[in-house]
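Work through the exercises below with the structure in view, and try each task before you read its solution.

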Amino acid sequence: MRILAPRKVPRCLSAFFIVFCLIFALAAILHALHRIEIVDHAYLDRVTSSIGISDSSLYTDSGATDADAAPSGKNIPQTVSDVTPADSFSSSSSGGQVLVDNNIEIRRENATFVMLVRNSEVHNARTSIRYVEDRFNKNYHYPWLFLNDRPFSADFIRMTKNLVSGEPTYAQIPREVWSMPEWVDRQKARERMREMAAKNILYGGSESYRHMCRFFSGFMYRMEEMQKYDYYWRVEPDTQLYCDIDYDPFTFMRENKKKYGFVISLKEFASTIETLWPTVQNFSIAHPEYIHPNNALEFIVDDKRNITEGGYNLCHFWSNFEIAAMDFWRSPAYTELFEALDRSGGFFYERWGDAPVHSVAASLLLDKEEIHWFYDVGYRHHPFTHCPEPRKEYHESGKCYCNPTQNFDRNAYSCTRQYRRMRGDLGVQKSVSQLLEDRKHAKAVPALSI
């Protein structure tokens with residue numbers, strides 16, 4: 001009897017069967033995912049509707065341009081990842097925004113990052129963005145405002161828009177605020193620039209640098225794109241943050257009634273501001289009502305005399321890092337002070353920086369309790385570094401990775417000593433985290449001062 005061998009299945013049929021099985025399995029998986037998506041969206045709808053936020057407002061295009069920007073008060077973060085429990089935040093009394101994920105709320109202040117940057121500085125800008133996002137903003141998704149005196153290039157926008165976790169806006173500074181005002185003698189100004197350049201004074205021959213200083217001193221906070229914000233954090237290209245920031249500095253500023261925050265203080269070049277202090281003294285005589293009785297005069301005047309008799313010691317807060325309340329710059333006191341300074345022509349006849357202008361204004365017009373030193377923020381902008389020194393809290397804990405021996409606070413050129421003298425605090429600096437923890441355990445909540 002002959003045994004017949006089984007007939008072989010054609011290869012084409014075998015391949016067809018395998019493909020059919022794969023398609024069937026994939027369809028089953030997609031169906032399951034679709035059901036999960038429906039459940040998740042139904043849950044999200046219930047949560048968001050309870051606080052008046054539509055589902056679509058929780059997700060925005062990370063590549064939004066100026067034309068696509070959400071209206072004021074609607075700049076909701078674009079993701080719901082990296083969230084922190086709501087009890088770590090305080091509700092904003094100034095129209096902040098809320099992000100919800102699985103019954104967890106993130107409350108943000110009405111605030112933004114601000115960077116003045118050229119197209120050619122795109123990679124330096126990317127460095128700073130990455131540090132800020134990794135150390136802080138990945139958990140809060142605050143928006144970014146990029147400013148330029150020229151139109152931003154398409155390449156700059158492409159290279160930065162997806163690095164930020166909040167909504168990016170790109171704006172051009174109006175020509176009229178990036179040029180010499182009509183009351184400045186241009187011939188005199190350019191002659192003074194040549195003289196300062198011949199003396200090798202830093203940026204002495206740069207007209208663009210003068211426009212920048214004048215812009216930050218009196219026009220940045222007037223930009224249309226800034227009007228909806230209550231606070232800003234200035235970020236300079238090519239800066240580094242060395243420590244994790246595990247709280248919201250904007251919320252800290254609001255809750256503790258702080259108006260101006262800094263990290264590094266140092267002395268200005270005397271040759272760049274020869275008439276700044278006399279101009280301020282004349283303003284104080286004309287407007288004594290604007291000088292705060294509990295001011296920080298001792299930070300900028302060493303001999304403890306009054307404003308009209310004391311000499312300026314050149315100390316200022318390094319404004320390439322500053323966190324400030326917009327209502328201070330918008331106040332009548334600061335507005336009139338800036339206008340007096342601007343009318344004098346000192347931004348162009350000399351080389352007045354926005355740092356001494358901001359610092360003198362904050363020291364005289366604010367209550368000294370409204371100024372805050374962010375000691376716990378490790379920061380570097382060439383050539384200076386601020387590195388918190390307590391080893392156990394900042395370094396053994398893994399919170400910071402800077403070198404404490406490079407801390408500029410110990411440098412003779414630093415004004416840390418003058419600031420602490422003004423505060424009456426020469427001891428070890430407390431971090432904001434420590435101060436917030438102290439508040440939790442205190443029976444009465446004291447005023448926080450650094």
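**Exercise 1.** Decide whether Cys213 is buried or exposed in this predicted model.

*Solution.* Begin with the cut-off, by which a residue is buried when its relative accessible area is under 20%. Cys213 has a relative accessibility of 0%, and therefore Cys213 counts as buried.

**Exercise 2.** Find out how many disulfides the structure holds, and in which pattern the bonded cysteines are joined.

*Solution.* The structure holds three disulfides. When the bonded cysteines are counted along the chain, the pattern reads 1-4, 2-6, 3-5.

**Exercise 3.** Determine which handedness the disulfide of Cys243 and Cys400 has, and where its two cysteines lie.

*Solution.* Cys243 sits in the loop between β7 and α6, whereas Cys400 sits in the loop between α13 and α14, and the two are 157 residues apart. Both cysteines are buried.

**Exercise 4.** Work out which handedness the disulfide of Cys315 and Cys415 has, and what the pair ties together.

*Solution.* The torsion about the S-S bond of Cys315 and Cys415 is about -85°, so the disulfide is left-handed. Because Cys315 lies in strand β10 and Cys415 in the loop between α13 and α14, the pair ties together parts that are 100 residues apart in sequence. Cys315 and Cys415 are both buried.

Notes. Residues are numbered from 1 along each chain as its sequence is written. This is a predicted model: local features need pLDDT of at least 70, side-chain atom pairs count only at pLDDT 80 or more; totals for chains, interfaces and linings use all residues. Side-chain values use heavy atoms; hydrogens and water are left out. A disulfide is a pair of cysteine sulfur atoms within 2.5 Å. Helices (H or I, at least four residues) and strands (E, at least two) are DSSP runs, numbered from the N terminus. Buried means under 20% relative accessible area, exposed over 50%, partly exposed in between (1.4 Å probe, protein chains only).
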